Amino acid sequence: MSESVDKLMREGKPIIKRGLTEERFVGNQMEFKTGQKFAEKELLIGKKHDGSPRCHKFDLVSEDENIVIEVKSGKGIVGEGNRNSAGISTCFHDCYLLSKISAKRKILALTDKNMFEIFKKESDGVIEGIEILYFEMTF
């Protein structure tokens, strides 16, 4: 993260690049709560058929790699009041990727209240070992 982006975040100014604002906001909140720095990082999630490593770049990983977070900013309700089926599928996909790592805390961070409520209900009894958390975007 560049120094100028961090400066804009401290000043509460929005960042134009889609997703960056949400990831940085969640990262800042988690840094405050845990005292650790968070950054995007590629982690091993398995092995390919040929034995080579299969990695995935996670949105936020703590310095000690004990906390891994995927951030989703998609809306829960789209169009004319329809459930965002594609967004829900993406959340399940991210939970699958989180399930492939050995971090102590695995978090799916949602920044849309509707998506949080819908996904909590949809994933109840399906997702285990992953915290589904809502981060209210406040600037």
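Is Glu-122 buried, partly exposed or exposed, and at what relative accessibility? In this predicted model, Glu-122 counts as partly exposed because its relative accessibility is 33%.

**View 1. Glu-122 and its contacts.** Glu-122 is found in helix α4. Leaving aside residues up to four places away in sequence, Glu-122 touches Arg-83, Ile-88 and Phe-92. With Arg-83 there is a polar contact, side chain to side chain, at 3.2 Å. Phe-92 is 30 residues from Glu-122 along the chain, and their C-alpha atoms are separated by 9.5 Å.

**View 2. The aromatic pair Phe-92 and Phe-119.** The model has 2 aromatic pairs. Phe-92 and Phe-119 form an edge-to-face pair. Their ring centres are 4.8 Å apart, with 65° between the planes. The pair links distant parts of the chain, 27 residues apart. Phe-92 sits in helix α3 (residues 85–99), Phe-119 in helix α4 (residues 113–123). Phe-119 counts as buried, at 0% relative accessibility. Phe-92 counts as partly exposed, at 26%.

**View 3. The aromatic pair Phe-116 and Tyr-134.** Here the rings are tilted. The planes make an angle of 35°, and the distance is 5.8 Å centre to centre. Phe-116 lies in helix α4 and Tyr-134 in strand β7 (residues 131–134), so the pair ties together parts that are 18 residues apart in sequence. Phe-116 has a relative accessible area of 16% and is therefore buried, the cut-off being under 20%. Tyr-134, at 27%, is partly exposed.

Notes. Residues numbered from 1 in each chain as written. Predicted model: local features only at pLDDT ≥ 70, side-chain atom pairs only at ≥ 80, totals over all residues. Heavy atoms only, no water. Phe/Tyr/Trp six-rings, centres within 6.5 Å; stacked < 30°, edge-to-face > 60°. Helix = DSSP H or I, 4+ residues; strand = E, 2+ residues; numbered from the N terminus. Buried < 20%, exposed > 50% of the residue type's maximum accessible area, 1.4 Å probe, protein only. Contact = heavy atoms within 4.5 Å. Polar contact = N/O pair within 3.5 Å; in protein donor to acceptor, adjacent residues only side chain to side chain.
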